[in-house]
Amino acid sequence: MGEMDDNKAVVLLSGGLDSFVAAGLAREAGLRLYALTIDYNQRHRIELESARAIAASLGVERHVILPLDLTAFGGSALTASDIAVPKDGVGASGTAGIPITYVPARNTIFLALTLGFAE
């Protein structure tokens, strides 16, 4: 393994506000930014365009958009074209349990991939 470089930060960049703020804080702290965005075949493709724009605006040194088709796991309104995305919030349907927008283990998978990218 190479030398540690304390001036780098790896950001899991979704295109949303939370990851934008996290990346901005890292940049403000003087860190060189590297970003990973996962294209998990989500229906809302605008997230990918937003991630590209955020990466460009923050001067990310390397932005990887990794294709990973999670539709095979099934059952999520975020990846399945035949399931409607709730417009009134995920709890509006009155059903208890796992929201229809849940993508199985998505965040765990994303964090594992980000760790691999960081190494």
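Author: Start with a definition: buried means under 20% relative accessible area, exposed means over 50%, and partly exposed is in between. The model is predicted.

Reader: What makes Val21 partly exposed?

Author: Val21 has a relative accessible area of 43%. Val21 is found in helix H1, residues 17–28.

Reader: Which residues form the nonpolar patch on the surface?

Author: Leu17, Val21 and Leu25 form the patch. Together they have about 300 Å² of accessible area. A patch residue needs over 30% relative accessible area.

Reader: Why is Leu48 called buried?

Author: Its relative accessible area is 4%. Buried means under 20%, so Leu48 counts as buried. Leu48 is found in helix H2, residues 46–58. The C-alpha atoms of Leu48 and Ile38 are separated by 8.3 Å. Along the chain, Leu48 and Ile38 are ten residues apart.

Reader: How many residues does the chain have, and what share of them count as buried?

Author: The chain has 119 residues, and 29% of them count as buried. There are three helices and three strands. Along the sequence they follow the pattern β-α-β-α-β-α.

Reader: How do you know that Arg32 forms a salt bridge with Glu61?

Author: The closest N and O atoms of Arg32 and Glu61 are 2.7 Å apart. A salt bridge needs the side-chain nitrogen within 4 Å of the carboxyl oxygen. So Arg32 and Glu61 form a salt bridge. The pair links distant parts of the chain, 29 residues apart. Arg32 is in strand E2, and Glu61 is in the loop between H2 and strand E3 (62–67).

Reader: Are Arg32 and Glu61 buried, exposed or partly exposed, and what makes them so?

Author: Arg32 has a relative accessible area of 31%. For Glu61 the value is 45%.

Reader: How many salt bridges does the structure hold?

Author: The structure holds three salt bridges. One of them joins the side chains of Asp39 and Arg45, at 2.8 Å from N to O. That is within the 4 Å cut-off.

Reader: Why does Asp39 count as buried, and what is Arg45?

Author: Asp39 has 17% relative accessibility. Arg45 has a relative accessible area of 36%, so Arg45 is partly exposed.

Reader: What makes Arg52 and Glu49 a salt bridge?

Author: The closest N and O atoms of Arg52 and Glu49 are 2.7 Å apart. Again, the cut-off is 4 Å. Both residues lie in helix H2, three residues apart, about one turn of the helix. Arg52, at 38% relative accessibility, counts as partly exposed. Glu49 counts as partly exposed at 47%.

Reader: What lines the second largest pocket?

Author: The lining has 14 residues. Leu13, Ser14, Arg106, Asn107 and Phe110 lie nearest the centre of the pocket. Strand E2 (32–39) and helix H3 (106–118) each supply at least two lining residues. By type, the lining divides into six nonpolar, six polar and two charged residues. About 270 Å³ of space lies in this pocket.

Key: Residues numbered from 1 in each chain as written. Predicted model: local features only at pLDDT ≥ 70, side-chain atom pairs only at ≥ 80, totals over all residues. Heavy atoms only, no water. 1 Å grid on protein atoms, 1.4 Å probe; cavity = no way out; pocket = protein on both sides within 12 Å on 5 of 7 lines; lining within 4 Å. Points joined across faces, edges and corners; volume = space filled by probe spheres on them. Helix = DSSP H or I, 4+ residues; strand = E, 2+ residues; numbered from the N terminus. Nonpolar A, V, L, I, M, F, W, Y, C, P; charged D, E, K, R; others polar. Patch = residues over 30% accessible without salt bridge, like charges linked within 9 Å, V, L, I, M, F, W, Y side chains within 5 Å. Areas by Shrake-Rupley, 256 points an atom, 1.4 Å probe, with all protein chains shown as cover. Buried < 20%, exposed > 50% of the residue type's maximum accessible area, 1.4 Å probe, protein only.
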